[in-house]
Structure formats: structure tokens, C-alpha cells
Amino acid sequence: MKLRNLLLLGPPGVGKGTQSARLAARLGVPHVSTGELLRAAVAAGTPLGRKAKAFMERGELVSDAIVIGVATERLSRPDAKSGFVLDGFPRTLAQADALDVELERLGTKLDGCLSLLADEAVLIERLLGRAGIEGRADDNEGTIRKRMRVYQEQTEPLVARYRRAGSLREVDGVGTIEAVERRIQEALAA
Ligand code: AMP
């Protein structure tokens, strides 16, 4: 089966963004990151961006209604017909349900879900390192710890959901970008 509609799950700092972008480029499909779409809306000062900004700065989730709107709009654009790599969406069970509904409406479905794994201490160190490089407003220690907790409480249950659905492959996210990329390729080929 050709894998073209993919989803990457994983805690903050595990390399979802980097790996999703690489995977999407390799597959020739759009990389759909709700975090990037939201950061663009914040930078542009749109009404949606103004609503999302404070939640993002605190490391909290933006409301399901807003994020589901952003994601479904992106997925319904023509270029996503060829496939997509979803990054950072869904993050709650309600979002996962909404994704199923949207994909059904579009006459398609998810082909696979990759879960990237890493130790929390490694992740916090990585994020603190990234703070100096990318200058993201939400990469400071307090917010990082908050995002970890939010991930464990609200997003981690999705791993079990996709495991039950039979579409989950787990990948060790510790190592160089190239090493993790290779593991992802192997997991997809298996
Ligand atoms: P990310 O770039 O995926 O780490 O997302 C950065 C921030 O954007 C998160 O900490 C949330 O505040 C917000 N965000 C991105 N995607 C979602 C989502 N699916 N649901 C709720 N909030 C999100």
C-alpha cells in the first residue's frame, strides 16, 4: 500500500517538525503543521492569531474549535489531495475525531501514524538548546515544562487510539536527524 496520508505524534522537542518536513519533501506532499500555521497567523496579526497568541505563549493548547478550523482548511486545499504529513495535529481526542470526520468527507483516510519517542530529560535539554537558536517565544523553561505536561495529559492518549486502529509505528527519536530519519524510513517500509 502506498503511504501518503501520514501523521507524526510525539512530545515537544522530539523532532516532529524537522522529521515531518523531511518526510513530506521526500514523499512530495505538503507538510501540515498547525503550530506553523498558528505562528504565521500570530505574526500576521489576524483575528485568529490574536486569539491564539496568549495560549501559545503559555504553552497551553489553542482551543479545539480554532485548531480544527485551521487544520481542516489546510487539508481541504487541492495540494493535500496528493497526501500530507500532519505535524502537531491532532493533539486531543476531539481533534482526532474531527480529523476522521474531515478525511471521510474528503473521501480519504489516514494511512499511518508514527510515534516518535524520547526521554523527557533529553527533550527538555533539546528545547532549551533550540531556544537559543530559533528564538521561539514558547521555548523557555517554564513553558517547556508546561508543554510536556499538556502533551502527557491531552495528547499521549492518542497514541493508544492509533495503536488500537492498527496504524501506529513507534520510532526511537534519540540520535542525529539523519539517524532518526533512517528509522522513520525503515518503519514505513516495514
Ligand atoms: P508546535 O509548533 O506544534 O509545537 O505548536 C506550538 C503551539 O501551538 C502549541 O504549544 C499550542 O499552543 C499551539 N498548537 C499547535 N497545534 C495545536 C493543536 N493541534 N491543538 C492545540 N494547540 C496547538
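This is a predicted model: local features need pLDDT of at least 70, side-chain atom pairs count only at pLDDT 80 or more; totals for chains, interfaces and linings use all residues.
At what angle do helix H5 (residues 93-105) and H8 pack, and how far apart are their axes?

1. Helices H5 and H8. Helix H5, which covers residues 93-105, packs with H8 at an angle of about 35 degrees, and their axes are 10 Å apart. On the H5 side the contact includes Leu 93, Ala 96, Asp 97, Leu 99 and Asp 100, and these meet Leu 158, Arg 161 and Tyr 162 in H8. Sorted by class, the contact of H5 with H8 has 5 nonpolar and 3 charged residues, with no polar ones.

2. Arg 161. This residue lies in helix H8, and Arg 161 counts as buried because its relative accessible area is 17%, where the cut-off for buried is under 20%. Leaving aside residues up to four places away in sequence, Arg 161 touches Leu 93, Ala 96, Asp 97 and Asp 100.

3. The buried face of H8. The buried residues of this helix are Leu 158, Val 159, Arg 161 and Tyr 162. Seen down the axis of H8, they fall within an arc of 160 degrees, so they line one face of the helix. Those buried residues pack against H5 and H7, and also against E1, strand E4 (112-117) and strand E5 (168-172). Just after H8, Gly 166 takes a positive phi of about 85 degrees.

4. Helix H7. With 15 residues (141-155), H7 reaches 20 Å from its first C-alpha to its last, which is close to the 21 Å expected at 1.5 Å a residue. Its buried residues are Thr 143, Ile 144, Arg 147, Met 148, Val 150, Tyr 151 and Thr 155. Viewed down the helix axis, the buried residues of H7 fall within an arc of 165 degrees, so they too line one face, whereas Gly 142 and Glu 153, on the other side of H7, are exposed. The partners of the buried residues of H7 are strand E1 (5-9), helix H3 (47-58), helix H6 (120-134) and helix H8 (157-164).

5. Helices H2 and H4. The axes of helix H2 (residues 34-44) and helix H4 (residues 64-75) come within 10 Å and cross at roughly 105 degrees, and the two helices are therefore roughly perpendicular to each other. Thr 34, Leu 37 and Leu 38 in H2 meet Ile 66, Val 67, Val 70, Ala 71 and Arg 74 in H4. By class, this contact of H2 with H4 has 6 nonpolar residues, 1 polar and 1 charged.

How values were computed: Residues are numbered from 1 along each chain as its sequence is written. Side-chain values use heavy atoms; hydrogens and water are left out. Helices (H or I, at least four residues) and strands (E, at least two) are DSSP runs, numbered from the N terminus. The expected span of a helix is 1.5 Å times one less than its number of residues. Buried means under 20% relative accessible area, exposed over 50%, partly exposed in between (1.4 Å probe, protein chains only). The arc is that of the directions from the helix axis to the C-beta atoms. Contact means heavy atoms within 4.5 Å. Axes are lines fitted to C-alpha atoms, for helices over the stretch in contact, and angles run from 0 to 180 degrees between N-to-C directions. Angles under 35 degrees count as roughly parallel, over 145 as roughly antiparallel, 65 to 115 as roughly perpendicular and the rest as oblique. Ala, Val, Leu, Ile, Met, Phe, Trp, Tyr, Cys and Pro count as nonpolar, Asp, Glu, Lys and Arg as charged, and the others, Gly among them, as polar.
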